[in-house]
Amino acid sequence: MSTKECKQLQPQAIFGINGKVENGVRQHPITQAVIFPLGNKIGIADFKKNTQDFVAGHTNSISCLDLSKSGKYIASGQVNHMGFRGYVIVWDYETRKEIGRHDLHKVKVQAICFTAEERFVVSIGGKDDGSVIVFDMQTFSPICRQPASRAISGNALTVRPLHSNPFFFLTAGDRHLRLWSILREQKKLYVQDVQLASKSRQFYCARIDKKDEFAYLGSGTGDIIKIVLNCCDKDNVTRPGTSSGILGAFGTHNARKPSGRDCNRYVNGVRALYVLEGGRLLIGAGDGEIQLVEERTDVPLINFREYPGPTWPYLRIIKSTRVSGRISSFVRSTNEKFYICTDTNEIYMLNIQSWVLKLLRTCHAKAVYFITFPKNYGAVFATAGHESIRIWSSSRKQELLRIMVYNFNCAAVRFSQDGTSIVSVWNDGIIRAFTPMTGRLIYAIPNAHNKGCSALAVASTGRFIVTGGIEGQVRVWKIEPFRQDLVGVLKDHSGPITSLDINYLDTEVISACTDGSCVIWDINRMTRKQVVTANTQFMSVLYFPTGVQILTCGSDGRIIYWMVYNGALIRELTASKKSSVNCLSMNATGDYFVSVGSDLQVKLWDYNSGDVVGVGSEHASSVISAAYSPSGKTFVTGSTDGSLIIWDVPKEYWGQPNPPDGPSYSLPKAAPKGKTVAARVDSGTRLKTQNDENINGLLKATPKDDICCVECPPCAKKEAKAADPFAECKIVPDVRKC
């Protein structure tokens, strides 16, 4: 048997970004590519060409990122496990190669920046480290280290360089604001605290104007602190006889309120700032508010000395808008256009001239638990994640529909065979079905599993569904238009059900469990047919398209073929020697299947020979879900960091189409005797869903660059209080009524 050569799988599209990193998004000044962190890799995406590549080298999640002014270098820092060191790595942008690193920070690198003229890289450590380290870009080595804050102030959270002087930088944080100068020859730092008068603030972000005269800082209190920087003298940090000091804490002016109560602050603090020309500021708040403001000219600043509050209403709002999630980054793309990144992993484009907001990129904020395609329709696919089900377009590479159920995770999602409903199971124990175009709730089955649902399979007729729970039970439900009934409970497993699959005849279902067993159940008789066991925690199970074999994978890294009729083991394949295989998906013909695992690798296998024919390694964290498209030309994988990748299958591995079925013979129907009478009772067979919604109409109904976001109503009905005021207390007011 000749082994086939293993090809490198190419990603067609990648949906993914880590928006929780403060100031983590950057744009290259020459190529216009957007640079962002994604897990333990740095992503470099070109939105115009729709391409994306990765720079790998960190051992854990990236916690901060900066790009030098010319675009020649990238610097990044990471967070690590407690007791381990966090790396700072400097990369060459052109070659995508590492050119220098140090591991002097403990646990986490909080923030990083290049000073002017790309002379130094300054990094500050997290709360377990608390030091400032300066890395020289000429010798590519660290030159000095110093504690970032004094004993009476808190940790530094952000660092900003000056625009023109490479030897100065500013650190800000929890009751902490200091101005530093680097003495290269003496390998030490001079520092001076900025005078904040009586104001105590936690600073989240800082920006310095182009002339290096003023700095603006966003605080957790929701106001903007403006300070004057008297930077000049390297030895004394500021000019002799002067010091850097505060000009005021500014909020926005509300003209409708009387003086003394006319100052508004930003909700959840000011999280991102950008200083524009003409003294205007672009401000992003913790609640998603974005405002363009300018300093008031009608009132001189000195007049506010007698103002009753600590924050002065010195900013006038010019324009305002709102996005979902906390704002983490502002990136200037052109003079008018800004990229805005939020902690819900979404990137918006804002034109500050026309004030048009457009959603560019979205992805899951947490792990993608399940991916599925509709039957014989590859244009869209659905993903299940934290608080949401999302429907994506494969061709447009964008999100079309989002169904939100707050505070709960969707464990699995499937399309009904005819495409008229989206069935999902959630960890609150409720089965929910939605319409595929508008996302309305069709039905909900509460308390389906008492510890939460974990797996789902839908029959090809759509007449019944099978669910698995965390308590280890498999339940079969009969689905009718106005009624959903529990048909039977199948008990054999002692752990959570991880995966379910129904054979193509709808006669049997197989359940995989973490207790090391897979059980084949007869659906018609509600009995156990066969059980297969292995020394592993089964993560996924699949029927071969003809239903004669099954394929399993588990935590031991093995993929096993089994016979259905007697449960015999046919073949074992080792997919990973040191980590688990989390999910399997097979193409429609059964020629090829894909496996994904915690080793970040995606593997394409030939089913008959058992060879790996393709490997992809673009994911930045454990891959836990996968789905083959019905055409067999692409497949989609999802990981724990929320990223999705659509992969191209090489043309020679698209699979052979199945031969047509042989001629079938059916008995001629006998003509009914006597008069035919129409049935009086409609059993629900003639009922269709409202408006005849089908998944194949979603793409046509959704405009380009538009997302329909739907919130699911609560499923548990509140008991209405009785109209009679005494009914609640069960008091009989009139004795004669007793």
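**Rings, strands and cysteines**

Phe 250, Phe 304, Tyr 307, Trp 312 and Tyr 314 form one aromatic cluster. Here rings of Phe, Tyr and Trp (its six-membered ring) pair if their centres lie within 6.5 Å. The model is predicted: local features need pLDDT of at least 70, side-chain atom pairs count only at pLDDT 80 or more, and totals for chains, interfaces and linings use all residues. Residues are numbered from 1 along each chain as its sequence is written, and side-chain values use heavy atoms, with hydrogens and water left out.

Look at aromatic pairs across the whole structure. A search finds 18 of them. One is formed by Phe 304 and Tyr 307. How is this pair of Phe 304 and Tyr 307 arranged? The pair is edge-to-face, with 6.2 Å centre to centre and 70° between the planes. Planes under 30 degrees apart count as stacked, over 60 as edge-to-face and the rest as tilted. Phe 304 is buried at 7%. Tyr 307 is buried at 12%.

The charged end of Arg 96 sits over the ring of Tyr 93, 4.7 Å from the ring centre. Lys 226 places its charged end over the ring of Phe 214, 4.4 Å from the centre. The criterion has two parts: NZ of Lys or CZ of Arg is within 6 Å of the ring centre and within 35 degrees of the ring normal.

Now turn to the strands. These are DSSP runs of E, at least two residues long, numbered from the N terminus. Four of them form an open antiparallel sheet in the order S15-S16-S17-S18. Strand S15 (156-161) and strand S18 (188-193) are the edges, each pairing on one side only. Two strands pair if DSSP finds at least two bridges between them. S17 (residues 176-183) and S18 pair in the antiparallel sense over six bridges. Leu 183 has Lys 188, in S18, as its bridge partner.

How many disulfides does a search of the whole structure find? The search finds zero. A disulfide is a pair of cysteine sulfur atoms within 2.5 Å. The sulfur of Cys 341 is too far for a bond, because the closest cysteine sulfur, in Cys 363, is 9.0 Å away. Cys 341 is buried, at 1% relative accessibility. Cys 513 is in no disulfide either, and the nearest cysteine sulfur, that of Cys 518, is 8.5 Å away. Cys 513 is buried too, with a relative accessible area of 0%.

Technical notes:
Helices (H or I, at least four residues) and strands (E, at least two) are DSSP runs, numbered from the N terminus. Buried means under 20% relative accessible area, exposed over 50%, partly exposed in between (1.4 Å probe, protein chains only).
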